[in-house]
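Hi,

Here is the structure I promised to pass on.

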Amino acid sequence: MKGEAYTLLQETRQELGASVILIANEAGQALLYEGIEPPQTMDLLAALGAAGLSALQEIITASFKGWGRNAHQGDQILMLEVDPGIILILARAPFIFLVILTDKTRLGLARLLLRRLANQYPWERLLTTAQRHELPLRKDKSMSETRKQLFRDLWAR
Amino acid sequence: MRIAWDRRELLLKVVYYGPPRAGKTTNLEQLQQMIAPEHRSDLISLNTYGDRTLFFDLLQVSLSQVGGLTPRVSVYTVPGQPRYRRVREIVLRGADGVIYVADSAPERLGENVRLWHQMHQQLRRMHQEVPILIQVNKRDLPNALPTSSITRALDPHGRYPVVEAQAKHGIGVKESFMQILMMILTGETV
């Protein structure tokens with residue numbers, strides 16, 4: 001089943017000449033990706049995911065009123081110019097579809113293909129339910145010990 | 001705050017809030033330089049294609065494992081300009097802790113107070129009760145207001161911890177960041 005999803009990603013990426021294409025859940029965890037992963041992709045994705053997918057959608061709506069005119073609610077596309085290419089994000093709950101383009105002339109095509117991709121497969125099958133639990137840190141340990149442990153090796157020398 | 005059990009990660013969100021040009025992005029830039037590269041991402045400013053901006057900066061930081069989990073912190077700034085009130089609220093949503101960056105210049109006191117109240121309104125509206133730390137920045141200004149004048153205007157009852165800073169020189173940046181994380185993770189100040 002996952003093989004079929006992977007093939008779809010591969011086809012779309014090749015059609016676009018994109019360097020990477022991926023699908024993440026709303027927490028920003030990549031569920032499936034295809035292509036070469038530029039170093040900042042996962043960080044960007046995780047950061048966007050941490051903002052929350054619905055927040056991301058709202059930001060897109062608030063910042064790109066003209067853009068979203070023809071898009072359906074929950075089907076907004078965001079473009080970011082980040083080295084080494086252009087990142088195109090389709091925010092459609094509960095997923096984030098992301099593609100990195102190196103060829104700017106394919107932006108229009110990329111928007112179309114991302115939407116097609118989102119409709120082409122029951123992506124929900126990739127999703128595992130995120131669990132919420134109580135934080136296990138608020139007990140026992142002394143403050144200084146926690147602090148020492150937490151920030152160990154964090155700072156550049 | 002979320003836990004990704006499959007990766008044993010604790011996902012946290014810290015937001016730098018405050019008036020325009022108070023030094024929020026400078027804090028992130030300094031943090032980026034101070035943190036060992038293997039523990040952080042690049043600082044990403046979300047500039048869109050063309051002349052539109054998504055209006056926030058973010059930096060990801062991984063801490064050392066504690067309680068069997070690796071905390072991964074997404075650090076955001078909000079845009080300070082009045083017209084971006086809505087974007088500020090969206091970025092603030094889901095925050096686990098806030099560092100309020102106040103400007104020490106006397107002429108910015110009104111803005112400090114206005115944004116401070118706006119932040120509280122937004123948090124109340126979203127039913128979010130989160131640890132807040134006040135960072136009084138630009139202490140090196142020759143005409144800087146006394147810290148006590150600023151904090152009295154913001155927090156007359158002294159409920160929130162205060163850190164003095166000169167973010168552009170890196171002073172107080174690390175302390176603020178560590179303190180807000182300790183407040184989030186342990187519920188206490190240090």
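E164(B) is partly exposed, with 44% relative accessibility (buried means under 20% relative accessible area, exposed over 50%, partly exposed in between, with a 1.4 Å probe and protein chains only). The side chain of E164(B) meets that of R139(B) in a salt bridge, 3.6 Å from N to O; the term stands for a side-chain nitrogen of Lys or Arg within 4 Å of a carboxyl oxygen of Asp or Glu. R139(B) sits in the loop between β7 (132-137) and α4 (147-154) of chain B, and E164(B) in strand β8 (residues 162-164) of chain B, so this pair ties together parts that are 25 residues apart in sequence. Helices (H or I, at least four residues) and strands (E, at least two) are DSSP runs, numbered from the N terminus.

Before you go further, please note that this is a predicted model, where local features need pLDDT of at least 70 and side-chain atom pairs count only at pLDDT 80 or more, while totals for chains, interfaces and linings use all residues. Residues are numbered from 1 along each chain as its sequence is written, chains are lettered from A and ligands numbered from 1 in the order in which they are written, and side-chain values use heavy atoms, with hydrogens and water left out.

Over all chains, the structure holds 8 salt bridges. One of them joins R13(A) to E34(A), with the closest N and O atoms 2.5 Å apart. Because R13(A) belongs to helix α1 (residues 2-16) of chain A and E34(A) to strand β2 (residues 30-35) of chain A, the pair ties together parts 21 residues apart in sequence. R13(A) and E34(A) are both buried.

In chain B, E111(B) pairs with R114(B), and their closest N and O atoms are 2.8 Å apart. The two are 3 residues apart in helix α3 of chain B, so about one helical turn separates them. E111(B) is partly exposed at 21% relative accessible area, and R114(B) is partly exposed at 35%. There is also a network of salt bridges that links D103(B), R108(B) and K138(B).

Finally, the helix packing: the axes of α2 (residues 85-92) and α3 (residues 109-125) of chain B come within 10 Å and cross at roughly 55°. Axes here are lines fitted to C-alpha atoms, for helices over the stretch in contact, and angles run from 0 to 180 degrees between N-to-C directions.

Happy exploring!
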